[in-house]
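Open the model in a viewer with residue selection and distance display ready. The stops below are meant to be taken in order.

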Amino acid sequence: MTSFHTVQMTINELTDYGMERMTDEEIEQFLGTRSLGIIGLPTGEAPYLIPMSYGYDGGSTLYFIYVVGSESRKATLSDQADTVSFLVYSAETMFHWRSVLATGSLRQLSEDELSTVSDAQTPIWRPELLEAASEIESTRVYELTVDEWTGIRHAIEPPTFAQRSSREQSN
């Protein structure tokens, strides 16, 4: 079995290697140009993680459409959760990536509240499977009110072959 040495560094320590914190404006722009992330719903054990398309209001609210059958673990956990996390990321290369982690409260919108949600705020990208299922199955709209978010990015020029070779030889 291979042994891995774990190095734990804070974001502040990783800034020496090119990681940067994103500003609130950069986070808002990033969320506005993406449509897919991973929601983390609390359970008694490990979090229940599931990919979700989302809509964004341009401020501090994200919207999700759930397709639910007679039983939905996702809906049950969402209804019970006090706090959830949502991760949106983009990794173009190992030298250029961004991620935003949003944490807040999640709640199902009532029928009356649904009329105030614009088409622009609902998820625009949805897998065809879910689109077809939503025509037959029940759907619910959930709203994540973001209490806190953190955005980080790494965007550097890739090292040259000579730089990589010298780094590998020093290890």
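The tour goes from the whole chain to single side-chain pairs.

**Before selecting anything**

This is a predicted model, in which local features need pLDDT of at least 70 and side-chain atom pairs count only at pLDDT 80 or more, while totals for chains, interfaces and linings use all residues. Residues are numbered from 1 along each chain as its sequence is written, and side-chain values use heavy atoms, with hydrogens and water left out.

**Whole chain**

Colour by secondary structure. The protein has six helices and eight strands; helices (H or I, at least four residues) and strands (E, at least two) are DSSP runs, numbered from the N terminus. Followed from the N terminus, the order is α-β-α-β-β-β-β-α-β-β-α-α-β-α.

Switch to a surface. The accessible surface amounts to about 11300 Å², 50% of it belonging to carbon and sulfur atoms; areas come from the Shrake-Rupley method with a 1.4 Å probe, and for residues only the protein chains shown count as cover. Of the 171 residues, 32% are buried, where buried means under 20% relative accessible area, exposed over 50%, and partly exposed in between.

Contacts (heavy atoms within 4.5 Å) can be displayed next. Among those between residues at least 6 apart in sequence, 72% join residues at least 24 apart.

**Salt bridges**

The structure holds seven salt bridges, each a side-chain nitrogen of Lys or Arg within 4 Å of a carboxyl oxygen of Asp or Glu.

Select E92 and R34. Their side chains form a salt bridge, 3.8 Å from N to O. E92 is in strand β6 (residues 84–93) and R34 in the loop between α2 (24–33) and β2 (36–41), so this pair ties together parts 58 residues apart in sequence. Both are partly exposed: E92 has a relative accessible area of 41%, and R34 has 27%.

Move to R140 and D79, a salt bridge of 3.7 Å, N to O. Because R140 lies in strand β8 (residues 138–155) and D79 in helix α3 (residues 73–80), the pair ties together parts 61 residues apart in sequence. R140 is partly exposed at 26%, as is D79 at 45%.

R107 is in strand β7 (residues 96–108) and E143 in strand β8, 36 residues apart.

Finish with E20, E26 and R153, which salt bridges with shared partners join into one network.

Technical notes: Buried < 20%, exposed > 50% of the residue type's maximum accessible area, 1.4 Å probe, protein only.
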